[in-house]
Amino acid sequence: MSSLDNLTLRLRRITWETEGVISLDLSALDGSDLPGFAPGAHIDLQMQDGQIRQYSLCGDPADRSTYRIGVKAVASGNVSRAIHRDLRVGTLLTVSAPRNNFELRPAPNYLFIAGGIGITPILPMLRAATQAGAKWTLLFCVRHHEEAPFLAEAQAMGGEVVLHSSALGTRLDVAARLADAPADTQLYCCGPQALMEDVETHSRHWPQGHVHFEWFAARSRPEDEVSGGFEIFCAQTGVTLVVPPDKSVTQILAEAGINLSTSCEQGICGTCECRVLEGVVDHRDSILSTAEQESNAIMMACVSRAKTPRLVLDL
Ligand code: FES
């Protein structure tokens, strides 16, 4: 994690939420207030071996004493398994300051769709929507209904919660549910890639800017695999660099000693965002909306490339 604004926090409490899911409460060593955050924000958590993962802040933003994150132990996730296995109350952890790629926009109505642990960025949104006097519905998709993390908390937040359980045969029919596209409703979705792709497919007729996703794994896009090299010109430093097909912009910048913070290196956290002054970006991140990508004003330099022979970056 190459960033100057990292925090060292103490793990103050571990809570077993449901099968395979724990929550961690993190606080400053001296108990002082932590940097504030808005619903949808995440922090980067750095493990002792240097691996970094992004976790949504699922606690109450009004509580400045604590960051709470939810961690699901997944068979293929060596970091999440290490968190479950190795972390103890009192452990010191390095985290980034909060970053938000999933901001809650003001609206009279919200539709939230969460899949399993994808409920974590949405939990503070439920509270905020209620506090703002908005109406909301949460469609909470899980395999087994007894394994829905933070369900009781979501149900206590004052909106409508509908549990969809594969085991009970009450799976969400995404196409049917999204057929109507109300003009006054903002849709927020976080969960497994298959669910989010389903929601993306069946919400294309929704008004632009009304559908929002939080991706916690890089989206697999076969068309991204082939790419040639290109040139970048760093306008502030006056340096021209060549990005070969097998290297990223951030790798080339680091080799040249030009500082651009990075974290996930997968286009999902937003740390490496940089302004584009000229050229057309081949966007490969999982953060920017279609409109933001088409504006060609910013790029995630860890994964995105160029459609033109040259990009001019504000670096
Ligand atoms: S480092 Fe996370 S988006 Fe680039």
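Visitor: Is Ile117 buried, partly exposed or exposed, and what is its relative accessible area?
Guide: The model is predicted, and the values here are computed from it. Ile117 sits in the loop between β8 and α2. Buried would require under 20% relative accessible area and exposed over 50%. Ile117 falls in between, so it is partly exposed, with a relative accessible area of 26%.

Visitor: Which residues lie nearest the centre of the largest pocket?
Guide: This pocket has a volume of about 1400 Å³. Among the elements that each supply at least two residues of its lining are β4, β5, α1, β9 and α5. The lining comprises 48 residues, and those nearest the centre are Lys72, Gly115, Ile117, Gly191 and Pro192.

Visitor: On how wide an arc do the buried residues of α1 lie?
Guide: Helix α1 covers residues 78-86, and its buried residues are Val79, Ser80, Ala82 and Ile83. They are on the same side of α1, because the arc they cover around the axis is only 160°.

Visitor: Which strands do the buried residues of α1 pack against?
Guide: Those buried residues include Val79 and Ile83. The strands they pack against are β2, β3, β4 and β5.

Visitor: What do the buried residues of α2 pack against?
Guide: In α2, residues 123-131, the buried positions are Leu123, Pro124, Met125, Leu126, Arg127 and Ala129. Gly133, with a positive phi near 80°, follows the helix. The buried residues of α2 pack against β5, β8, β9, α3 and β11.

Visitor: Which elements are included in what covers the buried residues of α5?
Guide: The buried residues of α5 are Leu195, Met196, Val199 and Glu200. Their arc around the axis is only 135°, so they lie on the same side of α5. What covers them includes β8, β9, α4, β11 and β12.

Visitor: Which residues does Ser227 touch, not counting residues up to four places away in sequence?
Guide: Ser227 is in the loop between β12 and β13 and is partly exposed, with a relative accessible area of 21%. Pro245 is 18 residues apart from Ser227 in sequence but 5.9 Å apart in space, C-alpha to C-alpha. With that exclusion, Ser227 touches Pro245, Arg284 and Arg305.

Visitor: How many disulfides are counted?
Guide: Cys264 is buried, at a relative accessible area of 10%, and Cys302 is buried at 8%. A disulfide requires a pair of cysteine sulfur atoms within 2.5 Å. By this rule, the count of disulfides is zero.

Key
Residues numbered from 1 in each chain as written. Predicted model: local features only at pLDDT ≥ 70, side-chain atom pairs only at ≥ 80, totals over all residues. Heavy atoms only, no water. Buried < 20%, exposed > 50% of the residue type's maximum accessible area, 1.4 Å probe, protein only. Helix = DSSP H or I, 4+ residues; strand = E, 2+ residues; numbered from the N terminus. Arc of directions from axis to C-beta. Contact = heavy atoms within 4.5 Å. 1 Å grid on protein atoms, 1.4 Å probe; cavity = no way out; pocket = protein on both sides within 12 Å on 5 of 7 lines; lining within 4 Å. Points joined across faces, edges and corners; volume = space filled by probe spheres on them.
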